[in-house]
Structure formats: structure tokens, C-alpha cells
Amino acid sequence: MSGDHGHKDSQSDCGYRLNDSHKHKDKHKDKERKHKDHKKDKEREKSKCTNSEYKDFSEKKHKDKVKHKDGSLERHKDKHKDKEKRREEKIKFSSVDGKPKKEKENGFASPPRFKSEPENDDFYHSPKHEKSLKRDRDDDDYDFKPKKIKIENEKKAKKRKQEEDEEEDIKPKKKTKDKKGGEGDGKKKAKKEPEEKWKWWEEERYTDGSKWRFLEHKGPVFAPPYEPLPSKVKFYYDGKPMKLSAPAEEVATFFAKMLDHEYTTKDIFRKNFFKDWRKEMTSEEKSKITDLNKCDFTEMSDYFKVQSEARKQMSKEEKQKIKEENERILQEYGFCVMDNHRERIGNFRIEPPGLFRGRGDHPKMGMLKRRIRPEDIIINCSKDSKHPKPPPGTKWKEVRHDNKVTWLVSWTENIQGSIKYIMLNPSSRIKGEKDWQKYETARRLKKCVDRLRSQYRDDWKSKEMRIRQRAVALYFIDKLALRAGNEKEEGETADTVGCCSLRVEHIKLYPEIDGQEFVVEFDFLGKDSIRYYNKIPVEKRVFKNLQLFLENKQPEDDLFDRLNTSILNKHLQELMDGLTAKVFRTYNASITLQQQLKELTSPEENIPAKILSYNRANRAVAILCNHQRAPPKTFEKSMQNLQTKMPRRTSSLMPGES
């Protein structure tokens, strides 16, 4: 009942207010305006600050605004009249006990006699209309300005948005332009070019024996000219300073740079150097300098050490300049155009002059490698190309247009009289086709290798000694991946051998050793003077044949005295077209890698594990082919330096410890 009674009272109050709203309009307007302004000022006080100065200011402003608020309040009331009714009815029924709920605004209780008060409070705090109401309240004195400001702000916002959109459209273009034009990004572009590389393997190969149709390049880059030493750097002979001529001084610097090297202590090296050095001296210098042991190159050597250290201590800017210059030279001389495709050149720089070292104990070590000049160079390019220009005041030895060869530049070096070439990079079409053919031949060998092995096993029992030697040599080439061993003139190169040129002193036979039967021990210098040492058990028939080959021979005699590489390769050609001793080596290396990868790798492994497995498989191939690096000449000295740097454990032991 109390709820119904309260409801009737509220309805009567509402009807009374609506019926008398026109009679007491002015009275209610004044009261409502005053109360509303009072509440808004109170809200500003709490939201902004509570100091006394602001209170004085807010009260003054409140008095001033009361005078000008009639029109805006009436307009606001008419606008939300319907909404007031709905919200007022809602508030009346919101209390549990049926009485209207007294709303609070910022902690102040609303007077119950103003029924529109809850609606006003709700409206004022509505997030949708707060800004619009605040603008109406704050800009009562400037009725037309808010619209102008709004329009101007909208125009500025639109203009700003358009500018931002234009900037965003422009920025990506600038970035792409910078990427194309930038130096660092230019390298990235150069690295991406191989992805769109020339797919030469999809094209038809030339059948007339030609290697290319069009070839254009810039020629080689020559070594820089010699720069004389500063006057303070002296050369001494027999303890006295001596001024050398420019050619003699240049050759002397070659020896000074190697003064700490093991080579300069070898008699053959010193003898060959002094002989060629005297050829560069004047007649006066030849008459004075007669003994190399009286020559003192110490100051020269120290000068080059300082220069080397200075290069290591260069600033980043100086190193960057050198790097940029090298990159410029690479882009100009390091590429050629072959059949309308840009191809990388392998080594486009001519080797500077110096002293020949060779591999192992080479008989010509220490001889002078002379400076290569344009007059020594043969250029190879197509007729319709832009020919390379020699340095000013010089000319090429010859300009050829031979498309049957793959080299771009050639010259003859003076030490061994061999021809040197500038050729294309291994990633080029020319090199790729050559490798392709090599592995295709190895694939063909795989199809008939069992037949060949069966045949050379039968030849071990041949009545002819030459056939037996050929069969045993072929067994070693197949099983041990030995090189065939090319014939060479005695004394011209280091004492290196291959399978066909093995001597009696290079092998030892053990009927039984270390629990194995029929063991052969190999010990010789192979290619590049790399030592080949291996102990391996062989089949009984091979062991018996080797014993037969060694009979009545001296250590320096040939093991296969009735065999050479020409005879062997001729026989292999009869067995299979294109087959040589080297093809066996390629086939066995490839098949070993494939077998090792199958054993060591698993699809479930991660990338690092697969890389490790590949390296292990590749190591097995290196062992088979005896691919190893010779220890550096300064290896022992480097190890000694490391041992001296390591703290000695004995110094940290307590007394009585050992």
C-alpha cells in the first residue's frame, strides 16, 4: 500500500507541476537556473581545485552568468522535455520502498522538491552529451562562435589528415628509392641478383664447340707501381749504408719482407734470390755486392713491420674509404658481359712481383717473379664488343676473338714458363657446365663400375706384367682415390708423385701387422707437396703382385715401371667414353658423401644438427681424398707463443704438491 500511495503522490506531484508550469514559469525558471548554476560551479570546484582563490573566482563568475542564462536554459529545457518525463518516471520507481530516490551530485543531496533534478543530473553526466552541454554552457555569450570554431577545426583536421595521407603515400616511395640508391642497400640488391640468375642449364648448349657468342670486359687490374723507401731507411752492406738503384731496391724489399720467414734460411732460396737480384743491379752495385751474407736488410724489415701495424691501427673512416675503393674497382673490373648476361670474374688482378716460393722444397724457390706489364697481356673478347683499353702509353701484346676458349686474359709467367689465365667465377655458366659434365660422367661410371671392378680383378692374374701393373694401379685409384700422377721433367718441380709415378721407396709391405694381414704402408708427397700417409690392408692377390713388382729394384726405381698416365687413361677410354683416372676420384668422393649423409642425418633433426652431420660427412670425403691443409711455416713459433702466454700450473701449486 505504501508503494501505491507513494506512486499516487508522485503522479499528483507530477501533474501539479505540469499543470502549473505555465502559471509559475518565471518563478520556477529563476529557482531552477540558480540551483543548476550553483551545482555546476560546485562540480568545477571539486574537479579542478578547492583553494579559496578559485572559490572567489567561481562565485563571481556565477553571479555574472546568471544574468545571461535565461535564453540558453529555456532552449535547453525545450530540447529535452520529452526525455525528462521518461527519466523522471524511471527515477520515481527506482527506490525499493516506493519513494523517489534522492540522487547525489558530487556528494551533495538534491532537494526533493525539484522533480526534474535527477534527470538534469543524469544528463549532465552522460558521456554522449557532456561535451555538447558544456559547450552550450561555456559559450552562452558567444552564440555564433562555437559553430565557426567547429567548422574551422573540422577544416583543419581534414587538411591535416590529407597531408598525413599524402606523407604516408610518399614515404614508401622514398624508402624504395633510398633502398635502390643507398650504398648499403645496393649491396643487398646485388646479393639478391643471384636469385634471378641466368638459368643456363635450361637452354640449349652450343654444338659447334664455341663457349660464347658475345664477350665484353674491362681487362685486368695491374699491380701498383713501386714506391721508393724513405731516405731514413737504409740498406747496409758489410756494415756500411749503401744507396741502391730503384730496380735493385725493389727486389731487396721482397727479401726484407720475408726476413723472418723460414724460406730465407734455405740455401736454395737464398741462392736463387741472389742470382736474380744481381740481374737487376747496376754494374757498380754488382761489383760491390758479392756476398748475400754481408747484406743487412734489418731496417727495411722493421719499416715494413711498422707499415703493417699502421694498417691494422687505421680508423674506421680510413678502412671504409679503402673498402669503398675496392668495391668501386670490383664493380668496374670484376664483371663481364657474356651472351647478354652479367657474369662475375674469378680474379681480375694481376699478381704483383715478388719472390717465388713454390710448394714444398721447390728447386726454383727464391727466384724473382717479374712485374707483368700490358705488353705481356693477351686479351680475349668478341669482335663486336668494346675492347679493353690498356693503360696510357702502353699497348696489349695481342687482342684475340677466340670463342672456343673460356679465358678472358692470359700471360706467360717467367719462373716455369706456364700460362696464367683470368677466368670466370665458379658460379658462372662456363664453370657450371664444366662441373655438370664432370658429375654426369661420374653418374655414367656408377652404372658400369661393377663391371670394371670385376675386370681389373681378373687382370691381377694376367700373364702380362703390364696388365697386372695396370690392374693394381687401377685398384689403388678406385679404392684409395689416389691421383693418377702426371709426368713431369726432373728438377723443374717439387718431388711430388701420384699412383702411376710411385717409387719403391714410397711403399712398405707387411704380411701381418697390428692384427691385420697383407698391409701396405704408403708414404709420399702428393699434389702441392701434401704428405700422403696411410696403412691399409689389401686383398691377397694385390699383395702378392706388389711383392712381384718390388723384386730386384732399388728404392728410387718406379713401382709401376711399365705404366704411365697416358697408358692408363687410354685403357679407361676403351672401357667407357670420357672415363679417366680423375673420374674414379670424383665418383668415390660423391658416393662416400651420399652414404655418410644417409647414415648421419635424420629428418627429425634441427638445422644445427644437420649442419654438423654434413660437416662430418664432408670430413669423411676429405680423409678419403687426402684433402688437408699443410701446417703453416710459422706453426711451431705460434704454438710456442701460445704456451708462453698460458699461465703455468706449477706456479699455482701449493708446497708439497706435484
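## Close-up views of a predicted model

**View 1. Helix α11 and the elements that cover it.** The cover over the buried residues of α11 includes β4 (235-237), α10 (246-257), β6 (295-296), β9 (354-355) and β10 (368-369), where contact means heavy atoms within 4.5 Å. Helices (H or I, at least four residues) and strands (E, at least two) are DSSP runs, numbered from the N terminus. The structure is a predicted model, in which local features need pLDDT of at least 70 and side-chain atom pairs count only at pLDDT 80 or more, while totals for chains, interfaces and linings use all residues. Residues are numbered from 1 along each chain as its sequence is written, and side-chain values use heavy atoms, with hydrogens and water left out. Buried in α11 are Phe269, Asn272, Phe273, Phe274, Asp276 and Trp277, a word that means under 20% relative accessible area, with exposed being over 50% and partly exposed in between (1.4 Å probe, protein chains only). Helix α11 (residues 267-280) has 14 residues, and its end C-alpha atoms lie 21 Å apart, which agrees with the 20 Å that it should span at 1.5 Å a residue; the expected span is 1.5 Å times one less than the number of residues.

**View 2. Helix α19 and its surroundings.** With 20 residues, helix α19 (residues 581-600) reaches 29 Å from its first C-alpha to its last, close to the expected 28 Å. Its buried residues include Phe584, Arg585, Tyr587 and Ile591, and among the elements that cover the buried residues of α19 are α15 (429-459), α16 (465-480), α18 (565-575) and α20 (607-625).

View 3. Cysteine 500 is in no disulfide, since the nearest cysteine sulfur, that of cysteine 499, is 5.3 Å away. Cysteine 500 is buried, because its relative accessible area is 6%, and cysteine 625 counts as buried because its relative accessibility is 4%.

**View 4. An open sheet of 3 strands.** The strands follow the order β3-β7-β8 with antiparallel pairing, and β3 (215-216) and β8 (341-344) are the edge strands, each pairing on one side only. Two strands pair if DSSP finds at least two bridges between them. Strand β7 (residues 335-338) pairs with β8 over 4 bridges, and cysteine 336 stands opposite glutamate 343 in β8.

Note on methods: Disulfide = S-S within 2.5 Å.
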